[in-house]
Amino acid sequence: MPYLSITTGVALSPEQREAISREMAQLITVIPGKSVSNLIIGFHDKVSMVAAGQEGAQILFMDLKLYGTAEADQKKKFIEGSYEIFQRILGIPAERAYIALAEYPVFGARGMALGV
């Protein structure tokens, strides 16, 4: 069950949210076993953010939480693809975007404990 949390100082329009959701749903499939059917995305926009000591709207932080593991090349494709999506849709350059990816051996979903 992948969970994406996207936090940015940018005010996102409904069209931008839809475009990001659609493209992330496609991109998540570079990780085997992950698909739109189990992807959750949380958007947090218009957040006051400071990076490198400077406040600004053009900052983005994305946190991806995965049940299980992914190969290094799959994570690389996902991360690099995410940077491209944020640059193209939001105009946020890679230098102002940060991505964390965490893998969990145990996860709760649909009323079940997975991995235990």
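What share of the contacts in the protein chain between residues at least 6 apart in sequence join residues at least 24 apart? The share is 79%. The structure described here is a predicted model.

## Overall fold

The protein chain contains two helices and eight strands. Read along the sequence, these elements follow the pattern β-α-β-β-β-β-α-β-β-β. The radius of gyration is 14 Å, close to the 13 Å that the globule rule gives for 116 residues, so the protein chain is as compact as a globular protein of that length.

Taken along the principal axes, the C-alpha atoms of the protein chain fill a box of roughly 45 × 30 × 25 Å. Of the 116 residues, 41% are buried. The accessible surface of the protein chain is about 6300 Å², and carbon and sulfur atoms account for 55% of that surface.

## Strands E1 and E2

Strand E1 covers residues 3–8 and strand E2 covers residues 40–44. The two strands pair in the parallel sense, over five bridges. Within this pairing, Ser 5 stands opposite Gly 42 in E2.

## Helix H1

The buried residues of H1 are Gln 16, Ala 19, Ile 20, Glu 23, Met 24, Ala 25 and Leu 27. An α-helix has 3.6 residues a turn, so residues three or four places apart point the same way.

## Tyr 3

Tyr 3 lies in strand E1. Is this residue buried, partly exposed or exposed? Tyr 3 has a relative accessible area of 25%; buried means under 20% and exposed means over 50%, so Tyr 3 is partly exposed.

Leaving aside neighbours within four places in sequence, Tyr 3 is in contact with Ile 40, Gly 42 and His 44, and also with Asp 63, Leu 64 and Lys 65. The C-alpha atoms of Tyr 3 and Leu 66 are separated by 6.8 Å, although these residues are 63 residues apart along the chain.

Technical notes. Residues numbered from 1 in each chain as written. Predicted model: local features only at pLDDT ≥ 70, side-chain atom pairs only at ≥ 80, totals over all residues. Heavy atoms only, no water. Pairing = 2+ DSSP bridges. Helix = DSSP H or I, 4+ residues; strand = E, 2+ residues; numbered from the N terminus. Buried < 20%, exposed > 50% of the residue type's maximum accessible area, 1.4 Å probe, protein only. Contact = heavy atoms within 4.5 Å. Rg over C-alpha atoms; globule rule 2.2 N^0.38 Å. Areas by Shrake-Rupley, 256 points an atom, 1.4 Å probe, with all protein chains shown as cover.
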